[in-house]
Amino acid sequence: MKIGVSATGKDLESLMDSRFGRCNYFILVDPDTEEFEAMDNPGVSAGGGAGIQAAQAVMKQGAEAVITGHCGPNAFDVLAAGGIKIYQASEKSIEEVLELYKKGELKEVTTPGKANRGKGSR
Amino acid sequence: MRQLVITSGKGGTGKTTVTAGFVVLAGEKVVADADVEAPNQHLLLNPQIMKKREYKGAKMAVKDAEKCEQCGKCEEYCRFNAIRDMEVEPTGCEGCGVCVFVCPTGALRLEEVTTGATMISKTDYGSFSHALLEIGAEGSGKLITEVRRNAEKIMQDEPLLLIDGPPGIGCPVIASLTGADLALIVSEPSVSGRHDLERIHQVTQHFNVKALVCINKWDLSPEMSKNIEKYCEDEGINLVGKIPFDPQVMDVYKQDLPVEHLLQTKAGEAIEEIWENVREHILQ
Amino acid sequence: MIISILSGKGGTGKTTAAVNMAVSLAAKNEKVLLLDADVEEPNAGLYLKPVLDESMPVSLPVPEIDEERCDYCGECSEFCQFNALAVAQEIVLTFPELCHGCGGCTLVCPKEAIKEVSREIGVVEKGCAEAVGFWQGRLNIGEPFAVPVTRALKEGLADLKDSVVLIDAPAGVSCPVIEAVRGSDFALLVTEPTPFGRHDLGLALEMVEHLGIPHGVVINRAGDDDSIISELCQEKNVPIMLEIEFSLSLASLGAKGIPFSKVLPNWQEKFYETYLSIKEKCLCAN
C-alpha cells in the first residue's frame, strides 16, 4: 500500500504542504514499512489545472490514498474517479502526519473543497 | 506565522496605500506584492534586489526553419490565428501544441518562455518578495504561488506576512487567498466599488477566509458609504474603518517621501486605527 | 474612426473618460458608439444605463467523450497543455472551464472518440443609451478566457465607417487589453498624477508604441502640480490631450453613477475639443 503525501521537501522530516496541486513534491510512502520515495509534482509548473495534473501523477505512481491540506474540487474529482482516498491533515512533518494516519486520526475527505473553477475572473 | 491579504474587488481603491501604511505600522514582518499584473509596492519600499529569477509563465510554439517544408498544415489547424505565413505570432500563440502535432516534418516544438521575473529584496521595512511581468503576459495563480512561496522561504521568526493582493475575483485572487488567515477588503464609495465589493466578498466566503472591510475616500460619497456600511451590517462583515479623502496622500507620493510620512496625514491616522483593529483579528 | 481608452492601472478613471466622451459627442450630434470591452468588469453600463435589445452568446468548442469508443488510453490527457482532460482508471473526466478550444484532443485520439460541442462563455449585448450606441461584452462568472468575447464584440466594427467608435478597454497590459486595442486609430491613455499612475502609464505607453497606435494622455484627478506625468510625456514626446482636475463635485457625481458632462455643459465642450484634436492628429498621420 502506497500513500502520496503533499510535501515541502523530499524526506519524512520535511513538512507536509497544505497545497495539493501546487506542492513541490509528493512523498510516496508505505505506512507500515516507512519505505518512501519522493517525486516532483508536475502540477507546480501548470498554468491552470495544477490539481488535475498532480492527481493523475500520484495515481500513476500507484498511490492508493493521499494525505494533504486542501484539495480543490477538480483534483478531488480525478482522485475520486480513480478510487483514491483523501485524508486531510494540518502542516506537520510527514512523520507526524503518518503517525496520525496509522492511529486512524486523520479525517477522510468525502466532499470536494471549495471551488476554484479555472483561472476565471469572476 | 499569520498571513494577511489586502485585496479589493476593483483596481484603484487604495489597496497599495493601505498596505504601505501597514508596512510601517506592523513591526516585524515580511511583505509580498502579489498584485503581479500591476505591482506598485516596489515604488514605495525602495527595494534592494538580492535575488532575481526568471519566471517561465507560458509555453509557445517555436519553429525550426530548416525543417519546415512550407506545407501550411500548422496554419490550417491553429485555432488562434497565431500562425501567419507559416511563422508563429507570439502574441497570439496559446501554447496548445496542435501545430506541433500536425507538422509532418517535426519543425515545430513547444518551449517554455520567460514572461517575467520573481525577486527577493531587502527594504528598510523588512524582506520583500515581488515579481514583474512582461507586457502581454498574464499573471497566473502559478506566479502568485511563487511570490508567496518565496516570501514564506525568507521568513525567519517574523509573526506576519503582509500580502498586497491582486484586484478582481479570478484565479490570481484565489491564489493569493488560499491558506491566508485574514483578508482586508479595501472598498470605495461608488456604484462600481459597491458592485465589486459584493463579488470579492463572495470569493472570500467561498475560500473560508475571514474578511474585514474598510472604505477608502468615504467622504467622496457619504451616501454610497452608508450603502456599503449597510451591506456589511447585513452580511455580518466587520467594518474596521473609514479613510477620508486626503489630498496630502498624493503629496507624499508626488514628493517621493518615505512611506512613514503617509501616517502623518489625516488618511494615515485612519489607516492607523484600521491597523489596530486588524491587528486584533490577525495577531491574537 | 476608432478611439481606444485604456490605462495601465485600474481605477484611474478610464470608464469615466470613455463615458463622458461618448455623452459629449452625442450632445454635439456626432454619431457615437461606445464599446465596453472590459469584459471581466463591464462597468460603463452602470453610468450610461443603456437599453440592451440584442444579445448574442459567445462560445468555445470543448470536448465530449464517446464512452463507447474510448479505451482510456490517455493520449488526450497527455496531449492537453491545459489539463482539461484527465483519465482515471476507466473514467475520462473533462474540465471544460480549463479548455482553450484548440481541438488537439480530437486530433490525437486514436479511436475518434472525442467530438466537440460548444460551450457558452459569455455574451455580446447591443443597444443604446439615448443617442449613444452601446455594445458590451460580458464574460460569464468563473470563465477564464476574455479574449474570445472581446473578439466577438469587435466583429462588425468594420461596417461602421461613419461612426466614432470609443472602446473602453480593460486595465493593465495583458492579452485581453491588446485584443481590445488592436486596430484602433488612436489610443487615449488615462492616468493620474501619482508615482503609480506614472509607472503604469509607462507600461501602457510601451504597449501602444509596440502596437504602433498613435496616442495621447488624459490626466485624471489633476491638481496644481502634475509634473510627475507631464515630465514623462515630454520625455516620451506624447501629447497631453485633456486634464480632468480633481473636484469634489465631479467625484460625487461619478460616485453616484452620473456622467458629469451630462449636467455640466463646459465639460461637453472640453471633451468635444479633445475629440477634434484627436481627429486632426489622425488625419495628419494618414
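How many helices and strands does the secondary structure of chain B come to? The count is ten helices and eleven strands; both are DSSP runs, with helices being H or I of at least four residues and strands E of at least two, numbered from the N terminus. This is a predicted model, in which local features need pLDDT of at least 70, side-chain atom pairs count only at pLDDT 80 or more, and totals for chains, interfaces and linings use all residues. Residues are numbered from 1 along each chain as its sequence is written, chains are lettered from A and ligands numbered from 1 in the order in which they are written, and side-chain values use heavy atoms, with hydrogens and water left out.

**Chain B overall**

- The C-alpha trace of chain B spans about 70 × 40 × 35 Å along its principal axes.
- Of its 284 residues, 57% count as buried (under 20% relative accessible area, with exposed over 50% and partly exposed in between; 1.4 Å probe, protein chains only).
- Among contacts in chain B with a separation of 6 or more, 77% join residues 24 or more positions apart (contact means heavy atoms within 4.5 Å).
- Chain B is assigned domain 1 (2-46 + 124-283) and domain 2 (56-114); such bounds come from an automatic or database domain assignment.
- The centres of domain 1 and domain 2 of chain B, taken over C-alpha atoms, are separated by 41 Å.

**Gln3(B)**

- Gln3(B) lies in strand β1 (residues 2-7) of chain B.
- Gln3(B) counts as buried because its relative accessibility is 6%.
- Its side chain makes a polar contact with the side chain of Arg148(B) at 2.6 Å, and another with the side chain of Glu152(B) at 3.2 Å.
- A polar contact is a pair of N or O atoms within 3.5 Å; within protein, one must be able to donate a hydrogen and the other to accept it, and residues adjacent in sequence count only if both atoms are side-chain atoms.
- Leaving aside neighbours within four places in sequence, the contacts of Gln3(B) include Leu161(B), Ile163(B), Asp181(B) and Ile282(B).

**Chain C overall**

- Chain C has eleven helices and eleven strands.
- Its C-alpha trace spans about 70 × 40 × 40 Å along the principal axes.
- Buried residues make up 59% of the 286 residues in chain C.

**Helix α9 of chain C**

- Helix α9(C) covers residues 248-256, and Leu250(C), Leu253(C) and Ala255(C) are buried there.
- The cover over the buried residues of α9(C) includes α7 (191-206) and α8 (222-235) of chain B.

**Interface of chain A and chain C**

- The two chains bury about 1700 Å² between them, 55% of it on carbon and sulfur atoms (accessible area, 1.4 Å probe, that two parts lose on being put together, summed over both).
- The contact takes 20 residues from chain A and 25 residues from chain C.
- The rule finds one salt bridge across this interface (a side-chain nitrogen of Lys or Arg within 4 Å of a carboxyl oxygen of Asp or Glu).
- Glu78(C) forms a salt bridge with Lys60(A), the closest N and O atoms being 3.6 Å apart.
- Six residue pairs are in polar contact between chain A and chain C, both residues at pLDDT 80 or more.
- On the side of chain A that touches chain C, α1 (50-60) and α2 (73-81) are the elements that give two or more residues.
- The most comes from α1(A), with six residues.
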